[in-house]
Amino acid sequence: MEQPLRLGAVAYDPKAVTIWELARDFFRSRPLPLDFVLFSNYESQVDAHFDGFIEIAWNTPVAWVKAQSRANGTARALAMRDVDVAFTSKLIARSDSGVSSPSDLEGKTVAIGSRDSAQAAILPVHYFAQAGMAEGRDYTGLRFDLDVGKHGDTGTSELEVVKAVSDGRAAAGVVGDATWAKLLSEKGVDGNRVKAVWTSPPFHHCNFTALPSLSAERAQAFVDGLMAMDYADPLARTLMDLEGLKKWVAGSTERYADLADAMRAQGMIP
Amino acid sequence: MNPPSEVEVGDLDLTSGLLLLLNRALDQAKPGDEVVVTGTDASLIHDLPAWCRISGHEYSGSTAGEAGRTRHRIRRGEAERLNLPGRVEWGAPLTLRGGKEADTRDWFVGRSAAIPEAADPSTGFAPRGGMVERGAPAYPFTLTERDRVWAAEVADLYEQATANQWDASRDVAWDRRGDVPRELEQAVCQVMTFLVENEFSALYVPAKFVPRIHPHFQEVVMFLATQIVDEARHVEAFTKRALLGGGGIQYSVASTQLSLKSLMDQEEFTQASFLLSVLGEGTFLDLLRFIETNAPDPVTAEVVRRARVDEARHVNFGTAHVRYFLRGNPNHAEELMRAARARRETLQTIAAPSPLVQDALAVLAARSLSPGAIRSGVSAVKGLMGEMHENRVKRLVSAGFTPDQSEELSTMHTPNFM
């Protein structure tokens, strides 16, 4: 049998172990089996990827941009979840704050998530700056730099943002649309008091990143395995529910340009 | 593909009920169908696309209309909210008996009517006739074959059981014991002690099997639940009668414990039901009638009479189940014969009923310790044994055994009665 494909993922939650064990079980009956390594943060994972310790990295958009920058544009995005397509950030505001768009943020306090989260900090701050609203100059940022290194995966900073807006410590705040939609559907937020008022341009979120050293055959065998997961199959469904997707889709290197610009402007990549 | 379905949500947002209405429409739609949500909440333009994205649907845009009403177009994705194998159809209604009563005997209607020949352990506690989502865990039910649990008359017996419950604290005329001579009171206490230990076995044995029975045989589970409650009440009533005159709980003998333990050790429901209910409780009907006839006081007579009515139902269920199990299958009769023979082997050291119980029954029949009375008391107990044998044979024949098998089975039955 061929050497199993070694995949890297970040243990942002104990359930990461369950998810990747399920994936390994699923791939056991496939032509190319899978093994995985868990990292405590994305920076270590990107390093390990370039060191050749892992063949594929399950990367956040921030980790992808860092990897792509280091690879001089030769990295490939093999696949992603359906929920990684056209991700957006939301500006949420208290109903009584007078904020109904980014241009209303002047003089306000804005709750912002972890500094390495694309959706809860890097991108919205970048888009606001493009609209002429700079943090520290036009509005005051109330920052929640939680779980730095996990690029916002844990969602804890976004929950703090929603809390700060709900209880009036901030007039407005920024969150990813996935967290926001989950809070709305689980009624974890008072919809009368806090409303979404602005949506960012769409960007792609996580992807399975490959470097040129990975053979096309091994990459294809991995992608074929993902695509064979059926949400109607109870075993695959468990994994997919835990990872928050209904189906895997082909990767795309588009829609990361704004994030790369934002990270460059914020000094995160050269 | 169907024409778009329209969902009017007024001023609802995602936290106040919009999703309930939207999900109902999406559940009815097919993948690719369009659902149009019309509402006035301004945040929907931000919230619906986000919700669609994480829920596997496609938000395809909005059109502003009059009076702040916006139409949001959603294309249903492929993923099902629940992983169901199909949809339930509207069934047949339950007909009320006499226009008033929802009787269990009448509830075999629609999808719930089909009693499966082999039940599927992965349906868990989901009721018979329902649709179960895929991916549920398998339960450790081992009694999944209809032949191994079912009785044709079970719903009827369940109705009888629920209609005939009684309260051992208040329904018995406990204050009517009157004066009972000490030797007779002592005999009553010894008999009550024996009854309590036997009733414990009649409670524990069915209780042991309930968690093993697949819930799609729910009438059997429900009937056994009444049997367990009945036995608890008998334990209660017989204990109270023993305590009533001050004599209290008396002696237990090893042979009784051995006999009852051999019932607890049964691992097959049909065999246990046969040995306990048909043979054991069946024999008990004659014993309880004997005690009632010879009771020195009305309280003793009443508690054994009430218990006998309940026991008759348990015997009827056991007999009905064995009849169902045996119908047209000689191998099944042989299986039960083997179980009875194996129990006989286990109990070979027991040659006679507990001497203490035998003596107590004779004293009750004698009504005094005078030699003449004792002679007739001892003779009455001998007569009881003969009667027990004859009635057991009749019950076994009615359960479906041949007369020869019935004779052999009755003769092998434990001298301990139960």
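Me: How many residues of chain B are in contact with chain A, and what makes them count?
Reply: Two residues are in contact if their C-beta atoms lie within 7 Å. By that test, 18 residues of chain B touch 23 residues of chain A. Keep in mind that this is a predicted model, with an ipTM of 0.94 and a pTM of 0.87.

Me: Which element of chain B gives the most to that side?
Reply: That's helix α2 (residues 44-55) of chain B, with six residues. By class, the side of chain B that touches chain A has six nonpolar, eight polar and four charged residues.

Me: What pLDDT does chain B average?
Reply: 96, and 100% of its residues score at least 70. The scale runs from 0 to 100.

Me: On to chain A. How many helices and strands does it have?
Reply: Nine helices and twelve strands.

Me: What share of chain A is buried, and what makes a residue buried?
Reply: A residue needs 20 or more other C-beta atoms within 10 Å of its own. In chain A, 46% of the 270 residues pass. As for contacts with a separation of 6 or more, 78% of them join residues 24 or more positions apart.

Me: How do you know which way α2(A) and α3(A) cross, left-handed or right-handed?
Reply: Right-handed is the word if the near helix is turned clockwise from the far one by less than a right angle, and the crossing of α2(A) and α3(A) is right-handed. The axes of α2 (residues 42-51) and α3 (residues 61-70) of chain A come within 10 Å and cross at roughly 35°.

Me: What makes up that contact by class?
Reply: Six nonpolar, two polar and two charged residues. Among those meeting are A:Tyr42, A:Val46 and A:Phe50 from α2(A), and A:Val62, A:Ala63 and A:Ala67 from α3(A). Tyr, Val, Phe and Ala count as nonpolar, so these residues go in that class.

Me: At what angle do α7 and α9 of chain B pack?
Reply: About 60°, with the axes of α7 (residues 269-294) and α9 (residues 330-346) 10 Å apart. The crossing is right-handed.

Me: Which residues make that contact?
Reply: B:Gln271, B:Phe274 and B:Leu275 of α7(B), plus B:Leu336, B:Ala339, B:Ala340 and B:Arg343 of α9(B). They divide into five nonpolar, one polar and one charged. Arg counts as charged, so B:Arg343 is the charged one.

How values were computed
Residues are numbered from 1 along each chain as its sequence is written. Chains are lettered from A and ligands numbered from 1 in the order in which they are written. This is a predicted model: local features need pLDDT of at least 70, side-chain atom pairs count only at pLDDT 80 or more; totals for chains, interfaces and linings use all residues. pLDDT is the predictor's confidence in each residue, from 0 to 100. Helices (H or I, at least four residues) and strands (E, at least two) are DSSP runs, numbered from the N terminus. A residue is buried if 20 or more other C-beta atoms lie within 10 Å of its own, exposed if 12 or fewer, and partly exposed in between; C-beta atoms are placed from the backbone. Axes are lines fitted to C-alpha atoms, for helices over the stretch in contact, and angles run from 0 to 180 degrees between N-to-C directions.
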